[in-house]
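Hi everyone, thanks for coming. Please have a look at the sequence and the structure, and then I'll walk you through them.

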Amino acid sequence: MERLTKRHGKHAVQIGAETRRNDPGWQRLAEIEDLAEQGRLVELPYDVKIGDTIYDAVLCDDGNYRIVKMEVGLL
């Protein structure tokens with residue numbers, strides 16, 4: 001997949017001709033694209049149902065990721 005974002009420093013992300021600073025949505029997309037480029041992104045199947053148990057990697061305040069167990073409540 002072609003990358004949509006381009007980073008400019010730590011806080012600015014460009015998509016097309018527009019650049020935004022500190023936009024959480026654009027930052028998250030850039031993060032996901034970074035992980036994909038590093039081979040660290042796992043794509044899950046779309047057949048998850050309400051009540052299923054899933055696990056997510058969550059970035060904690062200490063800068064480390066933790067695996068968190070969750071039950072799907074809404075899709």
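I'll begin with the whole chain and then visit a few residues.

A word on the ground rules. This is a predicted model, where local features need pLDDT of at least 70 and side-chain atom pairs count only at pLDDT 80 or more, while totals for chains, interfaces and linings use all residues. Residues are numbered from 1 along each chain as its sequence is written, and side-chain values use heavy atoms, with hydrogens and water left out.

So, what is the order of the elements from the N terminus on? The order is β-β-β-α-β-β, which gives one helix and five strands in the protein chain. Helices (H or I, at least four residues) and strands (E, at least two) are DSSP runs, numbered from the N terminus.

The radius of gyration of the protein chain is 15 Å, well over the 11 Å from the globule rule for 75 residues, so the chain is more spread out than a compact globule. That radius is taken over C-alpha atoms, and the rule is 2.2 Å times the number of residues to the power 0.38. Along its principal axes, the C-alpha trace spans about 40 × 30 × 25 Å.

How much of the chain is buried? Buried residues are 13% of the 75 residues. Here buried means under 20% relative accessible area, exposed means over 50%, and partly exposed is in between (1.4 Å probe, protein chains only).

Now for contacts, meaning heavy atoms within 4.5 Å. Of the contacts in the protein chain with a separation of 6 or more, 20% are between residues 24 or more positions apart.

Let's zoom in on T5, in strand β1, which covers residues 5-8. T5 counts as buried because its relative accessibility is 5%. Not counting residues up to four places away in sequence, T5 touches V13, Q14, I15, L29, A30 and E33. With E33 there is also a polar contact, side chain to side chain, at 2.3 Å. A polar contact is a pair of N or O atoms within 3.5 Å; within protein, one must be able to donate a hydrogen and the other to accept it, and residues adjacent in sequence count only if both atoms are side-chain atoms.

Next comes helix α1, residues 24-37, where we find D34. Is D34 buried or exposed? D34 counts as buried because its relative accessibility is 19%. Leaving aside neighbours within four places in sequence, D34 is in contact with R3 and R7. R3 is 31 residues away from D34 in sequence, yet their C-alpha atoms are 9.1 Å apart in space. With R7, the side chain of D34 makes a polar contact to the side chain at 2.9 Å.

Q27 is found in helix α1 too, and Q27 counts as buried because its relative accessibility is 16%.

N22 is exposed because its relative accessible area is 51%. Its phi is near 55°, a positive value in a residue other than glycine.

That's my tour, and I'm happy to take questions.
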